[in-house]
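Please look through the structure below with its charged side chains and its surface in mind.

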Amino acid sequence: MGFLDCGGGGGKCSFGGFKTLVRRKQVDSEHANAASSATGQHQLAKALTVPHLITIGVGSTIGSGVYILVGTVAREHSGPALTVSFLIAGIAAALSGFCYAELASRCPSAGSAYHYSYICIGEAFAWLIGWALMLEYTIGGSAVARGISPNLALLFGGPNSLPSFLARQTIPGIGIVVDPCASILVIVVTGLLCLGIKESAFVQGIVTAANICALMFIIIAGGYLGFKTGWRGYELPAGYFPFGGQGMLAGASTLFFAYAGFDSVTSTAEEVKNPQRDLPVGIGVALSICCTLYILVSAVIVGIVPYYAMDPDTPISSAFASHGIKWAAYVITIGSCTALCSSLMGSLLPQSRILMAMARDGLLPSFFSEVNKSTQVPVKSTIATGLLATTLAFFMDVEQLSGMVSLGTLLAYTTVAISVLILRYVPPDEVPFPSEFQEVIDSVSLRRNIPVENTEAYGVSSENIPLLTTTEKYSFVTNGNRRKVAGWAIMATCVGVLVLTCATSSLSLCRTIRYILCGIGLVLLFSGVILLSSIDQDDARHNFGHTGGICFICPLVPLLPIACILINVYLLVNISAATWTRVSVWLVVALFAYIFYGRKHSLLENAVYVPASHVDEIYETSSNCVS
């Protein structure tokens with residue numbers, strides 16, 4: 001007996017199978033953390049501060065892409081307006097950063113987007129997001145590792161100048177190109193991550209500092225050349241926007257992925273000393289530094305060389321070489337190598353935390369959840385992650401699979417934005433408790449004299465418990481149906497965004513059908529926006545997650561998260577069909593794994609759900625019984 005008519009644990013009610021898919025775990029709180037500590041599990045080390053988070057964020061974000069993207073995007077899309085494209089892409093990334101900052105400060109546990117979606121959306125969706133993130137980090141890390149050896153070869157004098165035991169070799173007969181250098185680097189980084197979070201963050205800080213020094217050299221030396229030569233890259237007959245506004249926006253959509261990686265900061269949330277204060281600062285400062293460096297580098301490069309004369313493969317090195325500074329290529333190559341090494345650490349670090357978080361929830365074997373007693377890091381999940389990345393980096397040319405990294409990133413960003421809307425308007429009002437709390441829940445239920453109608457379920461409905469005492473702005477929205485209206489508004493918004501972006505991107509459709517679909521999408525989108533803007537946010541949001549101290553609050557809700565969803569979904573629907581096919585196969589495999597393993601071993605399988613308003617009383621009663 002308890003409080004809810006259909007708790008969703010184990011499917012013991014009508015629509016039990018569906019309830020299993022959407023069951024949500026308990027949000028982070030002092031009570032929940034104390035309960036997990038009481039189980040005897042070793043906890044991750046609380047060792048990170050703002051400087052550590054900034055180095056992790058900047059190091060994970062600024063990869064070698066900036067050394068190549070400036071040439072490709074300037075030649076094909078933006079021209080001299082490359083700086084504006086970087087700025088627009090940075091603003092779009094900042095929208096996701098705001099959403100991440102609120103959820104990370106309220107729910108500072110390992111798992112990032114997987115963790116947030118499990119709390120706000122549901123178990124099955126969180127499972128798929130977790131698998132998408134694992135795919136993203138695995139392929140991303142392997143691709144980064146394979147990109148290091150060519151850059152190292154350039155430092156030694158040429159493409160074939162690496163020692164034979166490090167150089168790429170082709171296996172006779174099967175034509176597979178193996179990369180020993182990439183696999184060795186992955187092994188080294190994996191060992192470093194096993195030493196401890198503070199040690200690995202310190203090393204990543206040194207590597208990131210070297211990368212930033214290389215970028216500063218580009219900015220300062222390039223600025224000197226620009227003033228010396230009169231910035232001839234900006235004095236063109238075609239003007240500042242040779243490809244027009246559409247080309248500038250197309251460039252921004254490509255450059256958006258240059259900001260992917262800041263979410264690695266949130267994967268370390270459980271290891272931050274003061275997460276409510278430090279996580280938002282770390283995310284914001286890291287994104288600001290990246291955006292500033294990108295804009296300055298792009299402004300210098302397109303200023304000293306006309307965009308149409310840039311080398312698409314080595315734009316920065318060739319730009320300096322055209323002015324007689326050929327030795328700058330060595331500085332730039334060093335910067336590219338350090339950027340790749342830092343990005344490799346930024347890929348392996350969050351994946352091990354996601355594995356650990358999923359194993360803690362029972363969705364993966366408990367082997368991955370074990371935390372080493374001395375180093376206070378999940379050594380086993382880190383080693384498993386490293387072995388997989390080492391194998392891929394050694395045997396597979398994962399360059400053609402790099403689009404899957406972008407897809408996983410966008411899915412995570414979209415999920416986080418939706419989670420912010422759910423948090424504000426329909427935060428979870430039911431909290432799962434382990435079945436061991438059943439007697440305590442029964443005693444609290446009897447004390448409150450709540451009638452129990454269904455002894456086979458977990459309790460009675462909490463719908464009779466008022467969640468709001470305010471009067472809504474529209475008469476059709478009452479205290480009783482406000483959550484339902486808000487839920488449908490969020491659903492209409494998401495569907496409208498999907499229909500609108502698909503219609504605008506499907507150029508093969510006839511014009512009439514496209515206009516009709518665009519109209520339907522706009523109606524749904526604006527209806528959802530107007531409705532969410534008109535009704536009050538749920539008062540329960542103030543008690544969601546960690547309430548001690550000052551948590552970061554995402555501004556301009558619901559407009560900012562909806563804009564974030566719109567941008568991310570537009571980029572998602574424009575990803576190639578081949579990439580979607582590969583990721584869909586992976587997610588189908590993940591779904592079968594969930595059905596046959598994760599669902600049955602989940603810690604929520606036999607959970608008892610109670611109204612959130614009674615959580616404190618249940619914990620207090622439980623502690624009194626123990627004492």
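**Surface patch and salt bridges**

Ile513 is partly exposed, because its relative accessible area is 40%; buried means under 20% relative accessible area, exposed over 50%, and partly exposed in between, with a 1.4 Å probe and protein chains only. This is a predicted model, in which local features need pLDDT of at least 70 and side-chain atom pairs count only at pLDDT 80 or more, while totals for chains, interfaces and linings use all residues. Residues are numbered from 1 along each chain as its sequence is written, and side-chain values use heavy atoms, with hydrogens and water left out.

Ile513 lies in helix α19. Helices (H or I, at least four residues) and strands (E, at least two) are DSSP runs, numbered from the N terminus. Together with Leu509, Ile516, Leu517 and Ile520, Ile513 makes a nonpolar surface patch of about 380 Å². Patches are made of residues with over 30% relative accessible area and no salt bridge; like charges are joined within 9 Å, and nonpolar side chains (Val, Leu, Ile, Met, Phe, Trp, Tyr) within 5 Å. Accessible areas come from the Shrake-Rupley method with a 1.4 Å probe, and for residues only the protein chains shown count as cover.

Now to the charged side chains. A salt bridge is a side-chain nitrogen of Lys or Arg within 4 Å of a carboxyl oxygen of Asp or Glu. By this rule there are 13 salt bridges. One of them joins Arg353 to Glu271, with 2.8 Å between the closest N and O atoms. This pair links distant parts of the chain, 82 residues apart: Arg353 is in helix α14 (residues 328-360), and Glu271 is in the loop between α11 (264-267) and α12 (275-304). Both Arg353 and Glu271 are buried.

Arg483 and Asp429 also meet in a salt bridge, at 3.5 Å from N to O. Arg483 lies in helix α18 (residues 482-505) and Asp429 in the loop between α16 (403-425) and β3 (430-433), so this pair ties together parts 54 residues apart in sequence. Arg483 counts as buried because its relative accessibility is 18%, and Asp429 counts as buried at 17%.

Arg483 forms a salt bridge with Asp538 as well, the closest N and O atoms being 3.1 Å apart. Because Asp538 lies in the loop between α19 (511-534) and α20 (559-573), and Arg483 in helix α18, the pair ties together parts 55 residues apart in sequence. Asp538 counts as buried, at 0% relative accessibility. Asp429, Arg482, Arg483 and Asp538 are linked in a network of salt bridges.
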